[in-house]
Amino acid sequence: MMKKIIRWSLNHVPRGVLQRLAEWTVPLTGLLYRGHGVRCPLCGREYRKFLPYGYVTPRENALCPHCLSLERHRLLWLYLERETSVLQHHPRTLHIAPEVCIMRHLKPHFSTCRERYVTADLESPLADLHFDVQQIPLPDNSFDFLLCNHLLEHVADDRRALRELYRILRPGGCGILLSPVELDRATTFEDDSITDPAERTRIFGQYDHRRIYGNDYVDRLREAGFEARDIDYRATLTADEQSGYALPPDHIYMVYKH
């Protein structure tokens, strides 16, 4: 029943309405999941398992009822916390399409230098700036660190967006540009001739996804000028951490500008 409710909501309720409803309905649902089987590394809450989540086939053990983190957010946060100096050194950071669960935990680390953490989105009222990532109205070399998670698969011209991200990153800067990548797929698949929303959802996983990235995702990052690293970070963690945080097999994609 819970899977059906979540799947219907994701596919029929407008995103903005869904986000507002989730703020209070999901934590209430979490009361039914109290226990000690999993732990969210962002908010520290423990549950016997996480909630299911997904547009087509809901994934088990995915959504934290308290902070609404998904598997990819938990993996990203562990990497940020353990493998980067962002939380300690506060580089001038641009967080594009900011996920609420990440944003809420990043902001306190910039409390003494709030101007160094900037969020941006096409339309979200939560963001500081509003623009299309394909045409960013910011000067060259504006930021030291970029964070962009699961956005490029939605963008019409992702190569143009990547060139813009490269342009605004200062030399010596770096970033994390995550996208859903099917690791068993050699090349990226995209077909704009498929216009029916239901068919796009069936093929691409969401009606608003423009492509399914394959292992050539890193090549696209490099084409834009970045040095790019494909990191199987989950594999470096213990089996207890992998299961206890309910982490996905996703990779971390680090980019650098020299």
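Predicted model: local features only at pLDDT ≥ 70, side-chain atom pairs only at ≥ 80, totals over all residues.
Two strands are taken to pair if DSSP finds at least two bridges between them.

Select residues 34-39 and 46-47. These are strands β1 and β2, which run antiparallel and are joined by three bridges. Within this pair, V38 stands opposite Y47 of β2. The two strands form a hairpin with six residues between them. In its turn, G44 has a positive phi of about 80°.

Next, display the open sheet of seven strands, whose order is β7-β6-β5-β8-β9-β11-β10 and whose pairing is mixed. Colour β7 (129-130) and β10 (227-231): they stand at the edges, and each has a single partner strand, so one side of each is left without a neighbour in the sheet.

Within the sheet, select β5 (residues 93-96) and β6 (residues 117-121). These strands run parallel and are joined by four bridges. Here L94 stands opposite V118 in β6.

Finally, select helix α3, residues 71-83. This helix has 13 residues and reaches 18 Å from its first C-alpha to its last, close to the 18 Å expected at 1.5 Å a residue. Helix α3 lies across β8 (143-149), β9 (169-178), β10 and β11 (252-256), and runs at about 160° to β8. Which residues of α3 are buried? They are E71, H73, R74, L75, L76, W77, L78, Y79 and L80.

Key
Residues numbered from 1 in each chain as written. Heavy atoms only, no water. Expected span 1.5 Å × (residues − 1). Buried < 20%, exposed > 50% of the residue type's maximum accessible area, 1.4 Å probe, protein only. Contact = heavy atoms within 4.5 Å. Axes fitted to C-alpha atoms, helices over the stretch in contact; angles between N-to-C directions.
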